[in-house]
Amino acid sequence: MPKRKPSPKWRSGCPLNASVEILGDRWSLLIIRDMMLRGFRTYKEFLDSYEGIATNILADRLRKLIAHGIIATQPDPADGRKLFYLLTAKGLDLAPVLTEMVLWAAAHEDTENQALIRQIQKDKEQFLATVRQRWAGKTLPSS
């Protein structure tokens with residue numbers, strides 16, 4: 001059987017490679033974190049996050065996450081010129097991945113936010129259910 005050619009948008013057909021090409025930079029993961037854990041939905045909220053993302057990087061990462069169907073936009077009903085950024089079902093499916101990354105870092109690095117770590121360690125399934133519940137009815141279908 002001949003080898004299947006990888007999709008032209010990926011360097012290889014490896015699933016890990018596809019994940020890294022979509023999410024392999026810190027800003028994309030931090031945007032998703034801020035949406036999941038902090039409920040951020042506006043450009044200004046992301047811009048004001050304490051990691052200090054530059055506006056050009058933020059705009060680029062939001063476009064990339066939209067293009068990959070991880071987040072979507074919705075007009076602000078109060079001001080049609082503004083957008084809300086919402087997780088798609090595909091984006092929300094990253095919650096267990098980010099949770100495991102938090103636990104891995106907590107086990108191997110000197111990190112802060114011990115309250116979050118304890119909450120996850122106490123009952124990871126309940127933590128994930130809470131994240132999903134927070135976004136229930138707010139997520140958009142993956143494109």
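Helices (H or I, at least four residues) are DSSP runs, numbered from the N terminus. The model is predicted: local features need pLDDT of at least 70, side-chain atom pairs count only at pLDDT 80 or more, and totals for chains, interfaces and linings use all residues. Residues are numbered from 1 along each chain as its sequence is written, and side-chain values use heavy atoms, leaving out hydrogens and water.

**View 1. Helix H6 and the lining of the largest pocket.** A pocket is an open set of points on a 1 Å grid over the protein atoms alone, where a 1.4 Å probe fits, with protein on both sides within 12 Å along at least five of seven lines. Lining residues have an atom within 4 Å of a point. H6 gives the most to this lining, with 8 residues. H2, H6, H7 (114-122) and H8 (124-135) each supply at least two.

**View 2. The centre of the largest pocket.** Leu30, Arg33, Leu37, Val102 and Leu116 lie nearest the centre, among 26 lining residues.

**View 3. Helix H2 against helix H6.** H2 (residues 26-38) and H6 (residues 95-108) pack at about 105°, with axes 11 Å apart. Axes are lines fitted to C-alpha atoms over the stretch in contact, and angles run from 0 to 180 degrees between N-to-C directions. So H2 is roughly perpendicular to H6 (65 to 115 degrees). Leu29, Ile32, Arg33 and Met36 of H2 meet Ala95, Leu98 and Met101 of H6; contact means heavy atoms within 4.5 Å.

**View 4. Confidence along the protein.** pLDDT is the predictor's confidence in each residue, from 0 to 100. Its mean is 88, and 90% of residues reach 70 or more. Over residues 4-8 the pLDDT is below 50.

How values were computed:
Parallel < 35°, antiparallel > 145°, perpendicular 65-115°, else oblique.
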